[in-house]
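Subject: Structure handover

Hi,

Here is the structure I said I would pass on. Please open it alongside this email. My notes follow below.

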Amino acid sequence: MSLRLGDIAPDFEADTTQGHIHFHEWLGNSWGMLFSHPADFTPVCTTELGRTALLKDEFGKRNVKVIAVSIDDLESHNRWTPDIKDVTGSEVNFPIIADADRNVATLYDMIHPNASEKTTVRSVFVIGPDKKIKLTLTYPASTGRNFNELIRVIDSLQLTADYQVATPADWQQGDDVIVTPAVSNDQLEEKFPKGVTFVKPYLRTTPQPNK
């Protein structure tokens with residue numbers, strides 16, 4: 001069965017390029033981003049893992065631990081990572097799960113038979129400190145992910161977890177946000193001292209509260 005938003009992210013044990021892990025224990029109190037790539041030594045994946053490595057500081061600022069997975073073994077991963085550094089200039093600085101038995105791929109429904117019976121699709125799971133799934137994205141094997149968008153989504157998730165706001169279309173850090181319907185008009189001054197604009201009775205905006 002497919003995983004849904006709000007579900008507890010399945011726990012597992014696995015060998016990775018940075019040692020053996022218990023997933024929930026490894027996450028600790030951090031946010032997490034688990035993402036799959038179809039296979040080692042493939043061109044799009046090489047660019048993706050290099051890009052992820054380049055964004056290490058951005059993920060770190062947001063208390064996000066990143067971990068990748070494919071259904072290749074540890075030996076294959078270790079032979080591939082020098083290529084990633086050679087192509088992108090970035091040392092792979094996060095673990096890659098060895099999933100030759102497809103345990104993780106199965107737990108997270110990463111193999112879509114109508115797309116491919118042998119390789120994983122490009123799945124992304126963002127997981128909160130409470131171990132619940134906050135975001136799922138699925139790309140076909142042919143389309144590389146936009147990691148700037150993943151950072152943007154994480155910013156939105158973390159902001160809306162702390163304040164009673166939502167982020168509008170194309171929102172970026174520093175833009176105004178939307179006050180959720182759960183906040184009554186009587187509470188606005190207390191909760192949003194920067195002020196609230198009534199665009200429509202059901203659409204109220206306020207400056208980003210943590211800026």
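The chain splits into domain 1 (7-145) and domain 2 (163-207). Those bounds come from an automatic or database domain assignment. Between the C-alpha centres of domain 1 and domain 2 the distance is 35 Å.

Some ground rules before the details. This is a predicted model, where local features need pLDDT of at least 70, side-chain atom pairs count only at pLDDT 80 or more, and totals for chains, interfaces and linings use all residues. Residues are numbered from 1 along each chain as its sequence is written, and side-chain values use heavy atoms, with hydrogens and water left out.

**The annotated site**

UniProt lists C45 under "active site", in an unreviewed entry. UniProt positions are given in the numbering used here, feature names are shortened, and annotations may be inferred rather than shown by experiment. C45 sits in helix α2 (residues 43-54). Helices (H or I, at least four residues) and strands (E, at least two) are DSSP runs, numbered from the N terminus.

Is C45 buried or exposed? C45 is buried, because its relative accessible area is 0%. The cut-offs are under 20% relative accessible area for buried, over 50% for exposed, and partly exposed in between (1.4 Å probe, protein chains only). Beyond its neighbours within four places in sequence, C45 contacts H37, P38, A39, W80 and R122. Contact means heavy atoms within 4.5 Å.

**Two positive phi values**

F41 is not a glycine, yet its phi is positive, near 60 degrees. F41 lies in the loop between β3 (31-36) and α2. F41 counts as partly exposed, at 39% relative accessibility.

N63 is the other case to look at. Its phi is positive at about 55 degrees, and N63 is not a glycine either. N63 is in the loop between α3 (56-61) and β4 (64-70). With 38% relative accessibility, N63 counts as partly exposed.

**The largest pocket**

What space lies in the largest pocket? About 170 Å³. The search runs on a 1 Å grid over the protein atoms alone; a pocket is an open set of points where a 1.4 Å probe fits, with protein on both sides within 12 Å along at least five of seven lines, and lining residues have an atom within 4 Å of a point. Grid points are joined across faces, edges and corners, and the volume is the space filled by probe spheres set on the points.

The elements giving two or more residues to the lining are α3 and α6 (147-162). The largest share, four residues, comes from α6. Lining residues include E58, K61, R62, D155, Q158 and Y163. By class, the lining has two nonpolar, four polar and six charged residues. Here Ala, Val, Leu, Ile, Met, Phe, Trp, Tyr, Cys and Pro count as nonpolar, Asp, Glu, Lys and Arg as charged, and the others, Gly among them, as polar.

Q158 belongs to helix α6. Q158 counts as buried, at 17% relative accessibility. Not counting residues up to four places away in sequence, Q158 touches W31, R62 and V64.

**Strand β1**

E13 is in strand β1 (residues 13-16). At 46% relative accessibility, E13 is partly exposed. E13 and I97 are 84 residues apart in sequence, but 9.7 Å apart in space, C-alpha to C-alpha. Leaving aside neighbours within four places in sequence, E13 contacts H20, I21, H22 and N103.

Best wishes
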